[in-house]
Amino acid sequence: MPLSNSVVAGTLQTGAKPDPRTATNLPATGLYASPEYLIRRAHQIMSAAFVDACADLELTPSQYAALFALRQRGSVSQNELGRLIALDRSTTSVVVKSLRERALVRASEDPLDKRKTVLSLEDAGRLLLVRAEKRSARAGDVLVEALGAEKTRLLLEMLHELTNHHRSG
């Protein structure tokens, strides 16, 4: 059965919402012209493309981000992981729980602060991440197909500028 997934808090829910890529063309006025609406729609489209590309891996964009950050940073606390991948505490908790249940991430006591738990990537998480990275790149092709290579580069450049400004501003 083909998946029609929505991505919610690091879990896959089949049939929960309409496929975000099939919304009808709406007039570019009012709400439909607002940055918050357009960015949310773009997020829905890209998340759906990722979920489709990684469907057999049963991996969401948030889970992918967590695995990626853990590979890049090594051991980090759950709070630090949430900050690294821009997720709130509650969502981070759900993502980490699902990754731990699948033995992709390990939690252990921080040797320097016994009150803290640190997370690290298991070998199974590393292997899954390698498989997901190839598919994530294919999901990114959705942008190139819609905008072309130059507009995609410009969009990503502007999104980096926006997110970097928000971090410092």
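**Fold, sheet and surface of the predicted chain**

Along the sequence, the chain follows the pattern β-β-α-α-β-α-α-β-β-α-α. The secondary structure comes to 6 helices and 5 strands. Helices (H or I, at least four residues) and strands (E, at least two) are DSSP runs, numbered from the N terminus. The model is predicted: local features need pLDDT of at least 70, side-chain atom pairs count only at pLDDT 80 or more, and totals for chains, interfaces and linings use all residues. Residues are numbered from 1 along each chain as its sequence is written, and side-chain values use heavy atoms, with hydrogens and water left out.

Buried residues make up 30% of the 169 residues in the chain. Buried means under 20% relative accessible area, exposed means over 50%, and partly exposed lies in between (1.4 Å probe, protein chains only). The chain exposes about 11,000 Å². Carbon and sulfur atoms supply 56% of that area. Accessible areas come from the Shrake-Rupley method with a 1.4 Å probe; for residues, only the protein chains shown count as cover. Among contacts between residues at least 6 apart in sequence, 54% join residues at least 24 apart. A contact means heavy atoms within 4.5 Å.

An open sheet is formed by 3 strands in the order 3-5-4, with antiparallel pairing. Strand 3 (76–77) and strand 4 (105–109) stand at the edges, each with a single partner strand, so one side of each is left without a neighbour in the sheet. Two strands pair if DSSP finds at least two bridges between them. Strands of a sheet pair through backbone hydrogen bonds, either parallel or antiparallel. Strand 3 and strand 5 (residues 117–121) pair over 2 bridges. In this pairing, Val76 stands opposite Leu119, and Ser77 stands opposite Val118. Strand 4 and strand 5 pair over 5 bridges. Here the bridge partner of Arg106 is Ser120 in strand 5. Strand 5 is mostly covered, with 4 of its 5 residues buried.

Helix 2 (residues 61–73) lies across strand 3, strand 4 and strand 5. The helix runs at about 95 degrees to strand 5. Axes are lines fitted to C-alpha atoms, for helices over the stretch in contact, and angles run from 0 to 180 degrees between N-to-C directions. Ser62 belongs to helix 2. This serine is buried, with a relative accessible area of 16%. The C-alpha atoms of Ser62 and Ile85 are separated by 7.8 Å, and the two residues are 23 apart along the chain.

Two loop residues have positive phi values. Glu58, not a glycine, has a phi of about 50 degrees. Glu58 lies in the loop between helix 1 (35–53) and helix 2, and counts as exposed at 51% relative accessibility. Phi of Ala86 is near 60 degrees, again in a residue other than glycine. Ala86 sits in the loop between helix 3 (78–84) and helix 4 (89–101). Ala86 is exposed, with a relative accessible area of 69%.

The largest share of the patch, 3 residues, comes from helix 6 (residues 149–168). Leu159 lies in this helix and is partly exposed, with a relative accessible area of 35%.
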